[in-house]
Amino acid sequence: MVKIILIDDEKDALEALEWKIKKCNLDETLHILKCSSPLIGFDLIKETKPDIVFLDIHMSEMDGFTFLNRFTEKNFEVVFTTAYSEYGIKAVKANAIDYLLKPIDLDELQLTFTKILNRLKAKIPQNTIVDKINIAADGKVYLIARDDVLYLKSDKSYTSIFLNTGKEIIATKTLKEVQKKFNFPEFLRVHNSYLINLKYVSEYNKSLSELTLSNGTIVSVSRRKKAELMEKLQLNK
């Protein structure tokens, strides 16, 4: 059983998040508690020892970062939920496993759970680095170094993985399925059709909302992902 606590001073937001969590395709039994007061939520966490806490940032009693600072030891994964995009870096510094913008997208929530549940099952420490990603294609299993991957492109039910060697690997799975293997900080889904390695971004055209990668490939950025991209690349500084 995975124990989850949702903390948000807007009750409608709590109900919406609980509904979306239950809509996720999870092979786990979930026990969900909701709390509209961070003061009560602090005691609830101490008492129930949850695995995951979904935490709003802007709350009237105290903000989410102040709330977390009250814990001398955090034995739970934290996911920030907020309507504001400017707190991404601060969330990373607070060791949150993810940062979801409201209204929360169901696909992004599903990916967040994949990331968390993999960590809980394997008990992987936050700093552990997995060097190889396995991709099944052409009747083989390719073991690919993360740094070798430039970007992934969706083609309906197929996904092309482009490497910095010039090689292209075509997997017979959707990008949504393949993306689960790329839950690392340097990878970002910037568009329905593209997942990129941020290490290889060489240029960003704000007016066209396009990225140029180190090999010259031009990638479109969706309006929804623009703020997150700029935060991750620190383009607002």
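**A helix, a hairpin and some aromatic rings**

In helix H1, the buried residues are Ala-13, Leu-14, Leu-17, Glu-18, Lys-20 and Ile-21. They sit on the same side of H1, because the arc they cover around the axis is only 165° (the arc being that of the directions from the helix axis to the C-beta atoms). Lys-11, Asp-12, Trp-19 and Lys-22, on the other side of H1, are exposed. Here, buried means under 20% relative accessible area and exposed over 50%, with partly exposed in between (1.4 Å probe, protein chains only).

A word on the source: this is a predicted model, in which local features need pLDDT of at least 70 and side-chain atom pairs count only at pLDDT 80 or more, while totals for chains, interfaces and linings use all residues. Residues are numbered from 1 along each chain as its sequence is written, and side-chain values use heavy atoms, with hydrogens and water left out.

The length of H1 works out too: its 13 residues (11-23) should span 18 Å at 1.5 Å a residue, and the end C-alpha atoms are 19 Å apart, which agrees. The expected span is 1.5 Å times one less than the number of residues. Helices (H or I, at least four residues) and strands (E, at least two) are DSSP runs, numbered from the N terminus.

Next come the strands. In a regular strand the side chains alternate between the two faces of the sheet. Strand E6 (residues 132-137) has Ile-133, Ile-135 and Ala-137 on its covered face, and Lys-132, Asn-134 and Ala-136 on the uncovered one. Six bridges join E6 to strand E7 (residues 140-145) in the antiparallel sense; two strands pair if DSSP finds at least two bridges between them. Ala-137 faces Lys-140 of E7. Two residues lie between the strands of this hairpin, and Asp-138 takes a positive phi near 55°.

Finally, the rings. Eight aromatic pairs turn up across the whole structure. One of them is Phe-71 with Phe-76, whose ring centres are 5.3 Å apart and whose planes are at 75°, so the pair is edge-to-face. Rings of Phe, Tyr and Trp (its six-membered ring) pair if their centres lie within 6.5 Å; planes under 30 degrees apart count as stacked, over 60 as edge-to-face and the rest as tilted. The charged end of Arg-70 sits over the ring of Phe-42, 4.4 Å from its centre (NZ of Lys or CZ of Arg within 6 Å of the ring centre and within 35 degrees of the ring normal).
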